[in-house]
Amino acid sequence: MTDRDNQQADQSAAIKDPDEWVTGDEPPTAAQESYLHTLAREAQADLPDDLTKAEASKQIDELQARTGRGQ
């Protein structure tokens, strides 16, 4: 395998469904919370209270799609 093949395999292995995260039930990180509030403000959306880290990740994906960010 070449280095390029190894890099592609490593990147695809790093992408996991948030529902499969070992730490998914933990509170969101400070970075997630900050970015969520920015996205929610731009999308004029309300955020649910008491999100988990996994739920915050899903909300970020949804709000990025709505705002066009992260594409």
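1. Basis. This is a predicted model, in which local features need pLDDT of at least 70, side-chain atom pairs count only at pLDDT 80 or more, and totals for chains, interfaces and linings use all residues. Residues are numbered from 1 along each chain as its sequence is written, and side-chain values use heavy atoms, with hydrogens and water left out.

2. Helix pair. Helix α2 spans residues 30–43 and helix α3 residues 53–67. Their axes come within 9 Å and cross at roughly 35° (lines fitted to C-alpha atoms over the stretch in contact; angles run from 0 to 180 degrees between N-to-C directions). Helices are DSSP runs (H or I, at least four residues), numbered from the N terminus.

3. Contact. On the α2 side, the residues include Tyr35, Leu36 and Leu39; on the α3 side, they include Ala56, Ile60 and Leu63. Contact means heavy atoms within 4.5 Å. Leaving aside neighbours within four places in sequence, Ile60 touches Gln32, Tyr35, Leu36 and Leu39.

4. Core. The largest nonpolar core has nine residues, among them Leu36, Ala45, Leu51 and Ile60. Such a core joins buried Ala, Val, Leu, Ile, Met, Phe, Trp, Tyr and Cys residues through side-chain atoms within 4.5 Å. Helix α2 gives the most, with four residues.

5. Loop residue. Thr52 sits in the loop between α2 and α3. Thr52 counts as buried because its relative accessibility is 18% (buried is under 20% relative accessible area, exposed over 50%, partly exposed in between; 1.4 Å probe, protein chains only). Leaving aside neighbours within four places in sequence, Thr52 contacts Gly24, Asp25, Glu26 and Pro28.

Methods: Helix = DSSP H or I, 4+ residues; strand = E, 2+ residues; numbered from the N terminus.
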